[in-house]
Amino acid sequence: MLQQVSLADVMSAPVLRNEWPKPEPRYRTQPRMDFHKTWLPWLLALHVLDVAVRCVTALQIHDVHEAPPCSRHPAGKHLIQLPEIQRQFLLIVPHEYTDVRSSGIPLVLAFHGFGDSPWYSNLLFDFSQHIDRYGWLGILPFGLNETMNNGLDGVGACCPSDCQGECCMNTPSLRRKGPTACGWRDNKKDVQFVEAMIKWTTENSCVDPEKVFAMGFSMGGIFVNYLACHSSHLIRGFAPVSGNPEFKDNGCSISRPISYVSTCGTADDVAYCQYLVGQTAELLTTKNNCSGAGPNGAAMTYARSATTSCKIWDCPQKNFMEVCMVEGLAHDVSGHLRPDNTSYLRPGSDLDAAEYAFQKFTLLVDGSMLFWGQPTAEELRYKKSMWPFPHHEDHPYIRNGKHLIQLPEIQRQFLLVVPEEYAGSKTSGVPGVPLVLAFHGFSDSPWYLDLFMDFSKHISRYGWLGVLPFGLNQSKTNGLDGVDACCPQECLGECCRNTPKLRQKDDTACGWKDNEMDMRFVEAILRWTTQNSCADPYKVFATGFSNGAVFVNYLACHATHLIRGFAPVSGDTSQDHCEISRPISYVSMCGSSDDEAFCQYFVEATGTRLSLLNHCTGAGPDGAAIMTKKSATTSCRSWDSCPQGNFVEICETQGLAHDVSGHLCPDNTSYIRPGSDLDFAEYIFQRFSLLVNGTMLFWGEPTHEQLHYKESKWPPSHHEDHPYIRNGSIKLL
């Protein structure tokens, strides 16, 4: 969540600091020079003199962290006013910039909707968090009222009169939709504003003018579409959300190849973008000389989850054109809740439109993002040379209902994860809920994997049941040793459950060492869940990490009569024998630099074999798989034409070592990676959602009645239901 902004901070005079800490080496052998007592005062004096001669007002709003190397503004939010054009914007400075030795850093502009404010848009998109995660610069521009006389009205310019100051910054609400509401009302003047903002950032920061991107919601999304037709000489990529104009080919001119990704709900009841996105895509693909992989250059449609599908075209110079539709979504940002709690809750399978926009933009920045190329070969060698693995304390701003069931008849145990609320199927009429089994790695524990993959959070978000089985030690004597069975001796009880560590990799470590015995354990788990819970035996899925993933691959060849879908992570080996008794779904993830399981050498063969056994074909020539770039660091190869709506997909994250893509080990032994890595734990659940016939929380919501009720009231009704979901982003608990 964002830190609270104090009104006193806003109204105080600017505090211009120049504390530029050099990154500490990970393995220091000599003490660091005390930078602050040597030549920092001289730099500070020069910096203050430099800023004093400038006529642009830079009012610091969020002075919390030290200044990044290439900015004259500390990390946080800053009000920047441009008196010459009577406009203003919020500048978002990250805690740390991406490496700028070879080129400048990317810049993202995010335009708020009609009646919104930059503060509202910031919370709605989780914009500041994404800027921090990628090490880019961000801009949140202020729109204008109808008379256009509030261009320099300060931080509360677009806030409602009854929610000024800290209220607007931290718990913003919408302004009444009338003449006083802010919006984007004059395209030509607003384009001049965009030109002035980009000019200011290139002159006052290390922004690369070739890496500028724009996104926006609602009316801001409509303006972003206008920019795509009129400002391609300034902006490389565009991501409108729930906002499309009625495009006509009058004056739409693209001066260079661009990239474009839009998101719209099929039930949008305000912007009605669902009726216009096709027209927009047709115009822009033609102007951009794009073509799809389908017949005669048609776009390929990719079902990302049960609620989200995307049409994709490839374009010149590695650009892309993509239109994503979210089934049943109204006028909202897919995957997010409005900060004033006026959104109806939606299924967890909805695409996170904000995160997806940033991930797609990474394809265009040539590696300009934090932690690109990490971990290095040297870092991996150092980690492999140490046991236990070294803990990392760097970048703290990024790092920061279970029941033990024992089966005495087979001397085994597992954790049953029960959600706050069960999903109900409105389409199939089947009362059962899906069940997901997650197998930990060698020397891990169920507690470790639960935190590593955010497993319990996803179970609660979808309303499914989860099982975290315990592996066995070498002598197979700890099968009923209770909650600490797989924990190291120095970290038992609360330590293991909340801050787990790896066990020494010896005979005492837990793992999956006897496939046939462990297979009988799986059968016993499924018997227990069908007899003692509302699990649907036809909606059972399995995932696992490392040694647990190797076992999941074994199950994919030997347990298809029990399990419908399989998702191994960073664990694969060649299988001597493989049979599939019914059509299944399969999605795997491996890092290209996996230095423990070395899954990168097996995943291609596994995917190809399972696609053949499963009678799947891809959309490529002669049924070949299609490669899709999810981001700058993640690509997936898919065979998506399988019997009974199944799929086979293998994903790879470039440069990733032996980790879960998009996640950090709970004991802080992971090197931090670029934010563009696919969150594979979330992706697993989204893919499984395609197979459950709508059995997930909030499927089919909001209903027509709810939308009609919402439209009948102003301001929109606030919702207080499901507080465990409404805590920030819709995908987090």
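A residue is called buried when its relative accessible area is under 20%, exposed when it is over 50%, and partly exposed in between (1.4 Å probe, protein chains only). Helices (H or I, at least four residues) and strands (E, at least two) are DSSP runs, numbered from the N terminus. The model is predicted: local features need pLDDT of at least 70, side-chain atom pairs count only at pLDDT 80 or more, and totals for chains, interfaces and linings use all residues. Residues are numbered from 1 along each chain as its sequence is written, and side-chain values use heavy atoms, with hydrogens and water left out.

Strand β7, residues 237-241, is mostly covered, with five of its five residues buried. In a regular strand the side chains alternate between the two faces of the sheet. From β7, Gly 237, Ala 239 and Val 241 point one way, while Phe 238 and Pro 240 point the other way.

Two strands are said to pair if DSSP finds at least two bridges between them. Strand β6 (residues 207-217) pairs with β7 in the parallel sense over five bridges, and Pro 240 in β7 is the bridge partner of Gly 216. Strand β8 (residues 259-265) also runs parallel to β7, joined by three bridges; here Thr 263 in β8 is the bridge partner of Val 241.

Together, β6, helix α7 (residues 219-230) and β7 make a right-handed β-α-β unit; right-handed means that, with the strands pointing away from the viewer, the path from the first strand over the helix to the second runs clockwise.

Elsewhere, the peptide bond from Glu 701 to Pro 702 is cis, with omega near 0°. Pro 702 lies in the loop between α18 (680-688) and α19 (704-711).
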